[in-house]
Amino acid sequence: IGEGQLIPGLELGILTMKKDEKAQFLIDPKYAFGSLGCPPRIPAEAQILANVELLDFVENGKAEAILSLTSDERNQKFSFDEIEKAASIEHKRGNNAVRS
């Protein structure tokens, strides 16, 4: 979210969701691929139907906050699962930054 990897309409929809929620979004062309489409698969002015299941997420900024603590502070305040999830998020962001 917020990194330009999703169409705007999908980002807006996902931001309204809660953990474990399933949703369908019918996305208007102006929030999808617009008048150009994305040939050859998506024609111009196409509405996009997206089925989304939000399994889990890390709140914006939480990963950075967790990883900025010393290892002793992290272990006292957060579970292993929370720390692992934050590290995974940062790993993916790092890989995406290198690819860009």
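In this predicted model, 42% of the contacts between residues at least 6 apart in sequence join residues at least 24 apart.

Now for the overall dimensions. Along the principal axes, the C-alpha atoms fill a box of roughly 55 × 30 × 15 Å. The radius of gyration is 17 Å, whereas a compact globule of 100 residues would have one near 13 Å. As for the surface, the accessible area comes to about 7600 Å², and carbon and sulfur atoms account for 53% of it. Buried residues make up 25% of the 100 in the protein.

With that picture in mind, let's zoom in on R74. You will find R74 in helix α3, which spans residues 71–77. Is R74 paired with an opposite charge or left without a salt bridge? R74 is buried and has no salt bridge: the nearest side chain of opposite charge is that of E73, 7.4 Å away. A salt bridge here would need a side-chain nitrogen of Arg within 4 Å of a carboxyl oxygen.

What, then, lies around the side chain of R74? One of its polar atoms is 2.7 Å from the backbone oxygen of L69. Leaving aside residues up to four places away in sequence, R74 touches I66, L67, L69 and I83.

Note on methods:
Residues are numbered from 1 along each chain as its sequence is written. This is a predicted model: local features need pLDDT of at least 70, side-chain atom pairs count only at pLDDT 80 or more; totals for chains, interfaces and linings use all residues. Side-chain values use heavy atoms; hydrogens and water are left out. Helices (H or I, at least four residues) and strands (E, at least two) are DSSP runs, numbered from the N terminus. Buried means under 20% relative accessible area, exposed over 50%, partly exposed in between (1.4 Å probe, protein chains only). Lys and Arg count as positive and Asp and Glu as negative; His and the chain ends are not counted. A polar contact is a pair of N or O atoms within 3.5 Å; within protein, one must be able to donate a hydrogen and the other to accept it, and residues adjacent in sequence count only if both atoms are side-chain atoms. Contact means heavy atoms within 4.5 Å. The radius of gyration is taken over C-alpha atoms; the globule rule is 2.2 Å times the number of residues to the power 0.38. Accessible areas come from the Shrake-Rupley method with a 1.4 Å probe; for residues, only the protein chains shown count as cover.
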